[in-house]
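Subject: Handover of a structure for your study

Dear colleague,

Please find below the structure that I am handing over to you.

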Amino acid sequence: MHRFPNEPVEEDGVLRWDVEGLRRAVWDGLRRAGREQPVESVAVDSWGVDFGLLDGSGRLLQRPAHYRNARRAASFESVLEAIPSRELYGRTGIQLLPINTIFELAAAAAGGDEALKKARRLLLIPDLFHHWLCGSETSEWTNATTTQCFDPFARDWARDLLDRVGIPTAILPDVVPPATLLGVSAEAGLGGAQVVAGATHDTGAAVAAIPLRPGCAYLSIGTWSLVGIEASEPVVGDDAFRANVTNEGGVDGTYRVLRNVTGLWLLDESRRAWAAAGHDYEPAELVDLARSAEPFRSLIDPNDPLFTEPGDMPARITAFCRGTGQPAPGDVAETVRCIFESLALKHAETIDLLAGLTGRPIDELHVVGGGARNELLCTWTADASGRVVLAGHGEATVIGNLLVQALALGELASLGEGRELVRASFAERRYEPATGAAWREARGRFAALERHAGVTA
């Protein structure tokens, strides 16, 4: 109905989300939807970990900090001094990443942040929009579990850990499961629509819409590649800790056992750099260019810290390749091929890791999100992993959001019924892996590169 850009802004040295602009744009979209036909329900999903702070009157105190802001990363080591990394992982089940909510809150607490001092309630991004829609002040399970502030075993906030780094726990909201009715909205021309806490984390919503079966893993490929399996319990043993595997809440009491891989962010930032230089490439054009470039000339570790923050991504890819003794990409085609081949190799490595950790054989990979439309990336992921890739819908998050709303309203009886509906509604494109020595050799090179992770940062 309505699409719009989501551009962060910098204020006083902190990268923040322009939530006022997002709210105006979302409300415009809701009004358009309401003019088409009556709206029965609405549910919001978004990225994880980021939050807004409300004062005693329910007003937003400041724009939410962006998970890529430098202040958050700077607090990483100090938090781990107060809470040893193995303890933090064992209690929360969440991979140790500088983007996690606990590090932003700890940085704000240590810096005497005035908004944090004045805050009465913390709401994650989708919860903030639900608040604006109907006044609710709750957090939802699939997103609360991403924060590294939540104990999935106790199913409550890990308040004792947060106390140790000075984070005020009285601001934390109650946590509700997916498919919870939050209230009725009179906002944005919705005319009494039910507001539903669906799977508010976008990956949680996407996974809900994947017709998984035993032996399947999922790849939700967008800005991030979320590579994982669905499980009934968190996986938090020593091997999982060493592999930095994360356990995020899913729909119907499940867990998303996964790893975050830096995904098409690499391409998006490269496109931004090329556009600034006067060359505005469409994604399909870049795929064609990559197809024509020399195979396996240059490889990068997508999760190297060098690629974390916004900036000139092609220059950083060049720096990584030179720093690891490889020829640097010589043009746009070689840069894009480097990105796609490296992502395919990282996907393959992560699938092998998850299969080993869980003891579950994995023979099929379900790809959803924007990456499902990228035939080249799907083909190379199948080839690199030696597994069948089934490319599903590019808008799986929207579909999963709708399924959970339908569960809340009694339109569907179970998640399984919803997934069968997806299977019957949307065709998947099948990619069979090609055999050959080239990808095996590339995997060996890729593993060697990872042993030098961070050397160029």
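A residue is called buried if its relative accessible area is under 20%, exposed if it is over 50%, and partly exposed in between (1.4 Å probe, protein chains only). Helices (H or I, at least four residues) and strands (E, at least two) are DSSP runs, numbered from the N terminus. With these terms, strand β4 can be described: Phe 51 and Leu 53 point one way from β4, Gly 52 and Leu 54 point the other way, and all are buried.

The model is predicted, and local features need pLDDT of at least 70, side-chain atom pairs count only at pLDDT 80 or more, while totals for chains, interfaces and linings use all residues. Residues are numbered from 1 along each chain as its sequence is written, and side-chain values use heavy atoms, with hydrogens and water left out.

Strands and sheets

Two strands pair if DSSP finds at least two bridges between them. β4 pairs with strand β5 (residues 121–124) in the antiparallel sense, over four bridges. Within this pairing, Phe 51 has Leu 124 of β5 as its bridge partner.

Why is strand β16 (residues 364–368) described as largely enclosed by the rest of the structure? Five of its five residues are buried, so β16 is largely enclosed. Glu 364, His 366 and Val 368 cover one side and Leu 365 and Val 367 the other, and all of these are buried. β16 runs parallel to strand β12 (residues 216–221), to which five bridges join it; here Ser 220 has Val 368 as its bridge partner.

β10 and strand β11 (residues 193–197) are antiparallel and share five bridges, and Thr 180 has Ala 197 of β11 as its bridge partner.

Helices

Helix α16 (residues 375–385) is largely enclosed by the rest of the structure, because nine of its eleven residues are buried. Among them are Leu 376, Leu 377, Trp 380 and Asp 383. Gly 386 follows α16 and has a positive phi, near 70°.

Ala 319 lies in helix α14 (residues 313–323). Its relative accessible area is 37%, so Ala 319 counts as partly exposed. The C-alpha atoms of Ala 319 and Leu 306 are separated by 9.0 Å, and the two residues are 13 apart along the chain.

Aromatic rings

Rings of Phe, Tyr and Trp (its six-membered ring) pair if their centres lie within 6.5 Å; planes under 30 degrees apart count as stacked, over 60 as edge-to-face and the rest as tilted. How many aromatic pairs does the structure hold? There are 14. In one of them, Trp 17 and Trp 47 form a tilted pair, at 4.2 Å centre to centre with 35° between the planes. This pair links distant parts of the chain, 30 residues apart: Trp 17 is in the loop between β2 (14–16) and α1 (19–36), and Trp 47 is in the loop between β3 (41–42) and β4 (51–54). Trp 17 counts as buried because its relative accessibility is 6%, and Trp 47 is buried at 19%.

Tyr 67 and Trp 224 form another tilted pair, at 6.4 Å centre to centre and with 50° between the planes. Tyr 67 is in the loop between β4 and α2, whereas Trp 224 is in strand β13 (residues 224–231), 157 residues apart. Both Tyr 67 and Trp 224 are buried. Ring pairs link Trp 17, Trp 47, Tyr 67 and Trp 224 into a cluster.

A charge sits over a ring if NZ of Lys or CZ of Arg is within 6 Å of the ring centre and within 35 degrees of the ring normal. Arg 23 lies over the face of Trp 27, at 5.2 Å from the ring centre. Arg 68 lies over the face of Trp 265, at 3.7 Å from the ring centre.

Yours sincerely
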